[in-house]
Amino acid sequence: QVQLVESGGGLVQPGGSLRLSCAASGSIFNINAMGWYRQAPGKERELVAAITSRGTTNYADSVKGRFTISRDNAKNTVYLQMNSLKPEDTAVYYCNVRMGWGVAFYDYWGQGTQVTVSS
C-alpha cells in the first residue's frame, strides 16, 4: 500500500515563497513520474510541475521561472519550491506519484495542502 504525506502549505503574501514536500512510503516501484497538481475553487485540477524517473522536468506555463520541482530518491520525497507567489497561485496542491507497467499505470495522490497567497 502506498501513502503520500504532504506538508509545507500555508498563507503567504504576494512575492513570498513556500516549499512543499511530499514523502512517499509503502510499496514504491516502477515509478514513471512524480509531480504536483493544484485545484482552485470552481476550477479543474491542473498539472503544475512533474519530474520523470529519468529526471526530466516540465512545468505549467504559468509557473515557469518561479517554481522548481526536485526529488530526493533516497527519501522517496518530491519537493516544490515556489517563489514570487501570486494570488492566482492560491489553490489546494496535491502530490502525485505515477507507477506504470508498460502502457498501464496507476496514480496515487496525497491528501492535499492549502496554499493561500494574499495581502
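Predicted model: local features only at pLDDT ≥ 70, side-chain atom pairs only at ≥ 80, totals over all residues.
Is Arg-98 buried, partly exposed or exposed, and what is its relative accessible area? Select Arg-98 and you will find a residue that is partly exposed, with a relative accessible area of 28%, where buried stands for under 20% relative accessible area, exposed for over 50%, and partly exposed for what lies in between (1.4 Å probe, protein chains only).

Residues are numbered from 1 along each chain as its sequence is written, and side-chain values use heavy atoms, with hydrogens and water left out.

**The whole chain**

Now select the chain and colour it by secondary structure: there are eleven strands and zero helices, helices being DSSP runs of H or I with at least four residues and strands runs of E with at least two, numbered from the N terminus. The C-alpha atoms fill a box of roughly 45 × 30 × 25 Å along the principal axes. The radius of gyration of the chain is 14 Å, which agrees with the value near 14 Å that a compact globule of 119 residues would have; the radius is taken over C-alpha atoms, and the globule rule is 2.2 Å times the number of residues to the power 0.38. Of the 119 residues, 39% are buried.

**The salt bridges**

Side chains of opposite charge can pair when their charged atoms come close. In the whole structure, a search finds five salt bridges. Go next to Asp-89 and Arg-66, whose side chains meet in one of them at 2.8 Å, N to O. This pair links distant parts of the chain, with Asp-89 in the loop between strand 8 (77–82) and strand 9 (91–101) and Arg-66 in the loop between strand 6 (57–59) and strand 7 (67–72), 23 residues apart. Both Asp-89 and Arg-66 are buried.

**Two buried residues in strands**

Move on to Ile-51, which lies in strand 5 (residues 46–52) and is buried, with a relative accessible area of 7%. Leaving aside neighbours within four places in sequence, Ile-51 is in contact with Ala-33, Met-34, Thr-56, Thr-57, Ile-69, Arg-71 and Val-78, contact standing for heavy atoms within 4.5 Å. If you draw a line from Ile-51 to Val-78, C-alpha to C-alpha, it spans 8.8 Å, while the two residues are 27 residues apart in sequence.

Finish at Ser-21 in strand 3 (residues 18–26), which is buried with a relative accessible area of 18%. Beyond its neighbours within four places in sequence, Ser-21 is in contact with Val-5, Glu-6, Ser-7, Trp-36, Val-78 and Tyr-79.

How values were computed: Salt bridge = Lys/Arg side-chain N within 4 Å of Asp/Glu carboxyl O.
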